[in-house]
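Subject: Structure for your review: salt bridges

Dear colleague,

Please find the structure below, together with its sequence. My notes on its charged side chains follow.

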Amino acid sequence: MMQGKLIVFEGVEGSGKTTQLERSRDWLLGCGLQQCLGEFGNQIPVVVTREPGGTSLGLGLRQLLLEGQASPIQDRAELLLYGADRAQHVEEFLKPQLAKGVIILCDRYTDSTIAYQGYGRGLDLGLIQQLNQIATGGLESHLTLWLDVDAEIGLKRARQRGAADRMEQAELAFHQRVQQGFTQLALSYPQRIVRIDASQSQEEVHLAIREILCQRLKDEGMRG
Ligand code: Z5A
């Protein structure tokens, strides 16, 4: 059986990940897979998921992490909660879906932990790499689409949408450090991480993503 693909969408809040992930799924299932891979493409399932919150355990953790607590969550406790969410997600959902040959579109994965807990909170990057390794058992994304937009623009978009959660309320400097983290990651892993200019219109971003998805799916041998 053909192995599936793990395609991750990353970026600061308001970068448009969720919007673009849903558009990508609709396009792939509508006509994209067939356009890119021919008739065989029609047989490939596509699912969407996210971190935190891709499993029922993860949904509980997401609530704890994003809604805030009576006493503040300490940085290392936060790191371990994201790790626990990921470990459950990998075993319960990602690995079984990949084994079935599914294309998974995932909203955030390991790079978010490096960007937010590493660059944002200032926790040790080596420690986070180790935790990511433990949580994933070595499962890396096949492709990570980094939606690159200034932290300030992203936050404006996210705030226009409604009430801010615990992390959206963090100061601008925090989100700028997170943005630096993604920039550094893209430089370090140019094969895996592809930068998309997410300051463009939703339609332009979608078209740029389509092009990359099609190219990668062809290159990575998704044909039967
Ligand atoms: N987190 C962490 O710290 N460590 C970890 O390891 C992991 C996560 C995995 C939850 O993530 C939080 O968890 C997140 C990081 C932390 N911090 N926060 N907050 P999430 O992905 O669930 O939530 P989010 O990052 O806040 O996503 P978001 O605010 O939903 O942003 P988005 O998905 O990138 O954007 P969107 O919902 O698609 O769009 C936001 C708005 O902008 C919306 O009104 C759109 O219509 C609009 N939009 C989208 N694209 C455009 C363009 N191109 N132009 C103009 N307007 C646009």
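A salt bridge is counted here when a side-chain nitrogen of Lys or Arg lies within 4 Å of a carboxyl oxygen of Asp or Glu. Please bear in mind that the model is predicted.

By that criterion, glutamate 78 and arginine 121 form a salt bridge, with an N to O distance of 2.9 Å. Glutamate 78 belongs to helix H3 (residues 75-99), whereas arginine 121 sits in the loop between helix H4 (110-120) and helix H5 (125-136), so the pair ties together parts that are 43 residues apart in sequence. Glutamate 78 is buried, at 1% relative accessibility, while arginine 121 is partly exposed, at 24%.

A search of the whole structure returned 11 salt bridges. One of them joins the side chains of glutamate 203 and arginine 23 at 2.4 Å, N to O. Because glutamate 203 is in helix H8 (residues 202-219) and arginine 23 in helix H1 (residues 17-37), this contact ties together parts 180 residues apart in sequence. Both residues count as partly exposed: glutamate 203 has a relative accessibility of 39%, and arginine 23 one of 26%.

Arginine 192 and aspartate 111 also meet in a salt bridge (2.9 Å, N to O). This pair links distant parts of the chain, 81 residues apart: arginine 192 is in the loop between helix H7 (172-188) and strand S5 (193-197), and aspartate 111 is in helix H4. Arginine 192 is buried at 13% relative accessible area, and aspartate 111 is buried at 3%.

Finally, a network of salt bridges links Glu10, Glu13 and Arg108.

Yours sincerely

Note on methods
Residues are numbered from 1 along each chain as its sequence is written. This is a predicted model: local features need pLDDT of at least 70, side-chain atom pairs count only at pLDDT 80 or more; totals for chains, interfaces and linings use all residues. Side-chain values use heavy atoms; hydrogens and water are left out. Helices (H or I, at least four residues) and strands (E, at least two) are DSSP runs, numbered from the N terminus. Buried means under 20% relative accessible area, exposed over 50%, partly exposed in between (1.4 Å probe, protein chains only).
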